[in-house]
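Work through the following exercises with the sequence and the structure in view, and try each task before reading its solution.

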Amino acid sequence: MTATSLPAAAQPVPLRRPTVGTRLGRLVLPVFTGLAVLYLFLPIAVMIAFSFNDPAGRQNITWQGFTLRNYLDVWGRPDVTGPMANSLIVAVVATLIATVLGTLIGMALTRYDFRGRNGLNLLIFIPMATPEIILGASLLSMFVSVGVQRDLPTIVIAHVMFNISYVVVTVRARIAGFNRSLEEAAMDLGANEWQTFRRVTFPLIFPGILAAALLAFALSIDDYVITSFVAGRSITFPLWVFGVSRLGVPPEVNVLGTLIFVVALVFIGVQIWSQRRAISAVPEPRA
Amino acid sequence: MPRHWRWLVPYLFLVPGGLWLLAFFVVPMLVMASVSLQTGSLGTGYALTWNFGVYPEMVQAWAPQFGRSLWYALIVTALTLAVGYPMAYTIAFRGGRYKNVLLLLVILPFFTAYIIRTLSWKLILADNGFVLGSLKDAGILEAGFRVIATPMAVISGLTYNFLPFMVLPLYVALEKVDPKLVEAAADLYASRVHAFLRVTLPLSMPGVFAGSLLTFIPAIGDFINSEILGSRDTTMIGQIIQRLFLNNNAYPEAAALGFMLMAAVLAMVVVYARVVGADELTR
């Protein structure tokens with residue numbers, strides 16, 4: 001506000017003087033965005049807060065008092081830890097398979113030109129655009145028709161199916177900015193194809209693969225809709241949560257939700273760190 | 001590898017994943033179509049009788065739920081667009097060095113289970129929960145006021161859960177808009193509103209299409225939000241499909257409903273692919 005201290009006559013007339021109105025106007029968007037982000041975090045904050053609640057009855061909906069008991073109790077309840085273990089097993093296996101299969105497709109799409117590209121692109125996009133309920137319902141139709149017993153393996157099959165597309169898209173996005181001349185340099189220096197892949201290509205695309213695996217893991221451990229169709233009698237964590245929520249949500253649900261969230265934060269941190277490291281290790285000239 | 005076998009390399013890469021998608025996505029879709037045309041029961045077994053009559057029957061029986069799902073999905077798409085566009089715009093043009101942090105904040109809630117997020121909403125909207133309960137105690141709201149079990153609750157839950165699906169593609173599109181074009185418009189005496197309407201908005205349309213598709217499609221098939229936040233009066237088509245399949249074992253009827261929903265979705269994807277080009281789909 002130095003302008004006000006000058007005599008008015010000495011001032012050149014500014015082309016566009018920022019009025020109080022436009023100053024406030026420039027604040028509208030950031031404030032709106034800030035509020036929207038708060039809105040996105042509101043349920044998360046509520047989840048975390050109520051994981052420390054000490055509810056009187058089955059209903060964990062009003063604040064009664066702070067306790068850490070929920071965090072200690074949860075481990076001694078096989079009805080909670082059993083489904084959690086199932087979810088972890090399914091998520092780890094499905095993530096491994098989907099990451100390998102999806103990365104291979106991602107490499108094919110970014111590094112080679114081949115017939116059938118458009119068909120493959122559609123085959124990868126449509127599962128992402130299909131409502132989950134249809135993915136689950138169609139798999140159930142097939143498993144019932146063929147007479148397959150539904151259990152953890154059928155859940156893994158379903159999770160790999162819907163994860164492949166997300167892995168392809170994530171890996172592809174990371175490989176797209178990849179500098180081919182680094183590989184050519186390695187070949188010029190006498191490396192064979194396998195050595196080039198092992199020592200140059202793989203370390204460079206690894207952050208992308210890690211990001212894809214993280215996403216696949218998150219989608220898998222979170223899935224309720226498709227899993228409900230193909231689970232048979234086995235119960236995963238989301239299925240268990242949905243089941244107990246009909247009678248009122250116990251605080252254990254919030255505890256596990258909070259723990260998953262914290263673990264996810266840690267993984268994201270590691271991922272960002274590994275990406276930073278990869279970028280700083282190889283200064284890539286912008287092509 | 002001999003040189004004349006080189007063309008095989010990309011196929012070696014894509015065959016394992018491609019086969020998985022064929023076996024567990026394409027084939028089940030065909031099986032579902034075939035199941036929808038079968039008659040019989042779980043006890044006596046099913047036979048393919050080409051019973052096309054099930055389709056008009058299902059449309060007639062569940063028209064209100066179909067219509068409601070369509071309505072909710074349209075409203076949710078409009079709401080997420082209204083909230084998501086200013087967000088994506090701000091992050092892309094005003095984010096500066098906080099761009100990536102802001103984007104991360106938009107995705108972060110996704111790392112809590114979908115069901116738990118929705119249950120948290122139920123708690124926030126509960127009749128005598130800490131929000132409405134306090135407002136009622138303070139005399140700001142009438143004692144009878146409720147959100148839970150109304151269409152408003154279901155729509156707000158859907159909007160919340162799908163907002164990031166809208167923001168991310170919008171951001172990707174807006175990020176590509178060259179600020180120099182907007183400056184050029186200003187130099188040519190366009191007002192800020194005018195420059196936005198004639199330059200930024202048209203250039204961001206691919207993001208609007210992508211975001212709308214990625215929000216509308218899961219919203220129309222969703223059943224979690226209505227199941228947890230709604231009532232009998234908010235039943236959506238997804239809930240009907242799930243019940244017919246899992247509780248009633250009415251496989252042909254459920255498959256017919258599922259296949260109709262899929263056909264509608266496919267039509268939208270094909271139109272979208274025509275607009276943006278197939279290779280853009282997985283970029």
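Axes are lines fitted to C-alpha atoms, for helices over the stretch in contact, and the angle between two of them runs from 0 to 180 degrees between their N-to-C directions. Keep in mind throughout that this is a predicted model.

**Exercise 1. The side of chain B that touches chain A**

Task: State how many residues each chain gives to the contact, and describe the side that belongs to chain B.

Solution: First count the residues, of which chain A gives 73 and chain B gives 73. Then look at the helices of chain B that each supply at least two residues of this side, among them H1 (9–36), H3 (63–94) and H13 (251–276). The largest share comes from H1(B), with 18 residues.

**Exercise 2. A helix pair within chain A**

Task: Describe the fold of chain A in outline, and then the crossing of H4(A) with H6(A).

Solution: The secondary structure of chain A consists of 11 helices and zero strands, and 39% of its 287 residues count as buried. If one takes the contacts in chain A between residues at least 6 apart in sequence, 78% of them join residues at least 24 apart. Now turn to H4(A), residues 117–129, and H6(A), residues 152–176, whose axes come within 9 Å and cross at roughly 115°. H4(A) passes H6(A) in a left-handed crossing. The residues that make the contact include Ile124(A) and Phe125(A) from H4(A), and Met161(A) and Phe162(A) from H6(A). By class, this contact of H4(A) with H6(A) has eight nonpolar, one polar and no charged residues.

**Exercise 3. The nonpolar core**

Task: Find which residues have the most contacts inside the largest nonpolar core, and list the partners of Leu257(B).

Solution: The largest nonpolar core has 148 residues, and those with the most contacts inside it are Ala137(A) and Leu257(B). The largest share of this core, 14 residues, comes from helix H7 (residues 151–176) of chain B. Once neighbours within four places in sequence are left aside, Leu257(B) is in contact with Met58(B), Trp62(B), Ile237(B), Ile240(B), Ile241(B) and Leu244(B).

**Exercise 4. One glycine**

Task: Decide whether Gly133(B) is buried, exposed or partly exposed, and name the residues that Gly133(B) touches.

Solution: A residue is buried if 20 or more other C-beta atoms lie within 10 Å of its own, and exposed if 12 or fewer do. Gly133(B) has 15 other C-beta atoms within 10 Å, so Gly133(B) is partly exposed. Not counting residues up to four places away in sequence, Gly133(B) touches Thr62(A) and Asn128(B).

Note on methods:
Residues numbered from 1 in each chain as written. Chains lettered and ligands numbered in written order. Predicted model: local features only at pLDDT ≥ 70, side-chain atom pairs only at ≥ 80, totals over all residues. Contact = placed C-beta atoms within 7 Å. Helix = DSSP H or I, 4+ residues; strand = E, 2+ residues; numbered from the N terminus. Left-handed = near helix turned anticlockwise from the far one by under 90°. Nonpolar A, V, L, I, M, F, W, Y, C, P; charged D, E, K, R; others polar. Core = buried A, V, L, I, M, F, W, Y, C linked by C-beta atoms within 7 Å.
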